[in-house]
Amino acid sequence: MQLTDEQLETWRRDGSLVVPDVFPPEEHAPALEAVERNAYGGLTYAEYRAKWEDAPTEVRRAYEQTPPLQRLAGPLGKAVHFPTGLDAVDRLLENDDYLDIACQLLGTPEIRLGYGQIFFREGVTDTRYSEHPWEGYHLDNGTNAQLPPHPDWERYNYVLSGIILHDIEEDGAPMLVCPGSHKQLASLFGRHQGRAGGLGLADLREFEELAEPVPVTAKAGSVAFRSSYLIHAAQPFANKNRQRGWMGFHFHRQDNADWCKTTRPVPGWTTPEYMNFVAKTTPRVRRVLGWPAPGDPYYTEAALQRLAQAYPGMDLTPYRSAMAG
Ligand SMILES: O=C(O)CCC(=O)C(=O)O
C-alpha cells in the first residue's frame, strides 16, 4: 500500500497518522476476539459485561489482583507482549500493507520490530489516566530507545502503531496527542522531567507552544501511527460502558537497531511463543525480526537443514528458491 502525498504530509506535519482499512475484518475480528478473551479471563466483552455488570466493586477487586504489567492487556489480562502466543494477534504483523506503511513512515525498506504489546482498557476498571487534564503528557521514546530525542526526528525517531480492533469514538477514551510536538522537542527538552530516552511534562499549561491535544478516534481495521517523539496522554472514559483495545507494534530503522532496545520484558528467542511464531511466519516478518533475507549467503543447503531441525515445520522454499546457483 502506497501512502498518498497528503497522508505523508500529515505524518510530517503532525507526527501522527491514522490510516483506514489496512486490516480487513477477517484479520481484525478474530484478533479482537482473542484479545477480549485474553483480557477477560476467557470471556468476550459481552460475556464479561453480563457477568460483572451489577458487581462493579467485585470486578475492580479482581482487576486489582491482576499484576500491573498484565493490566496493560485488560482487567484480567494474561499475555501482553509480542509474541503473545495468540495466533490471530501475532499474525497481524504479516499484513504487507501494514509493513509497507511502516517502511514509508521510517523512510527505508529495512525496518525492525522494537516491541509489540496488546493495549487494552475497559471503562469500569480503568485507572490509566491522570487526575487533571493538564497532567500525564509524555512521549514514549524511552520505551525502546536509550538516546534522548534528536532534532532530525525522521532519522532517529521510531514509530509506534496501534492496530485498531474495534471503532474508537470520542467517548471511548481515545488517546490525546499534541500534533506537531514531535518537531518541538528542542524547545521543550530543557524544561521537562525525563529520564534516558523519555520525556514527561508535569503541567501542559506551561508549554504554550504546543498545539491543543486532539483525540485519536479510529475505525476497526485502521492503524494509528505516531512518532516516538510525539507528546500524548491518556484520558478517562467519558462512557464507562466502553472498552478500548488495540495491538501495538513499534518499528525502527534498521540503522538505529544498535540503540533501539526495548526496556520491556519481552519473551525471548527460545520461548515456545517465539519459536512457534517464527517457524510459521513469512520471510518478510522474519526480516523485520532481524533474520537475513532470502538470498543471503547464510542460507546454504546445510544451513537450511539446520533450520528445519531448529524450527520444525518452517517453510524453507523461499530461502531455497533464492539460493545462488
Ligand atoms: O491510553 C492512552 O490513551 C495513552 C497511553 C499512553 O500514554 C502510552 O501508551 O504511553
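Predicted model: local features only at pLDDT ≥ 70, side-chain atom pairs only at ≥ 80, totals over all residues.
Local features are reported at pLDDT of at least 70 and side-chain atom pairs at pLDDT 80 or more, whereas totals for chains, interfaces and linings use all residues. Residues are numbered from 1 along each chain as its sequence is written.

The chain contains 13 helices and 10 strands, taken as DSSP runs numbered from the N terminus (helices: H or I, at least four residues; strands: E, at least two). For 325 residues, a compact globule would have a radius of gyration near 20 Å, and the 20 Å of the chain agrees with this; the radius is taken over C-alpha atoms, and the globule rule is 2.2 Å times the number of residues to the power 0.38. Along the principal axes, the C-alpha atoms fill a box of roughly 65 × 50 × 35 Å.

An open sheet of five strands shows antiparallel pairing in the order β1-β8-β4-β10-β2, where pairing requires at least two DSSP bridges between two strands. Strands β1 (16-19) and β2 (111-122) stand at the edges with a single partner strand each, so one side of each lacks a neighbour in the sheet. Four bridges join β1 to β8 (residues 223-227) in the antiparallel sense, and serine 16 stands opposite arginine 226 in β8.

The ligand is surrounded by Arg128, Asp140, Met175, His232, Ala233 and Ala234, a residue being near a molecule if its C-beta atom, placed from the backbone, lies within 6 Å of it.
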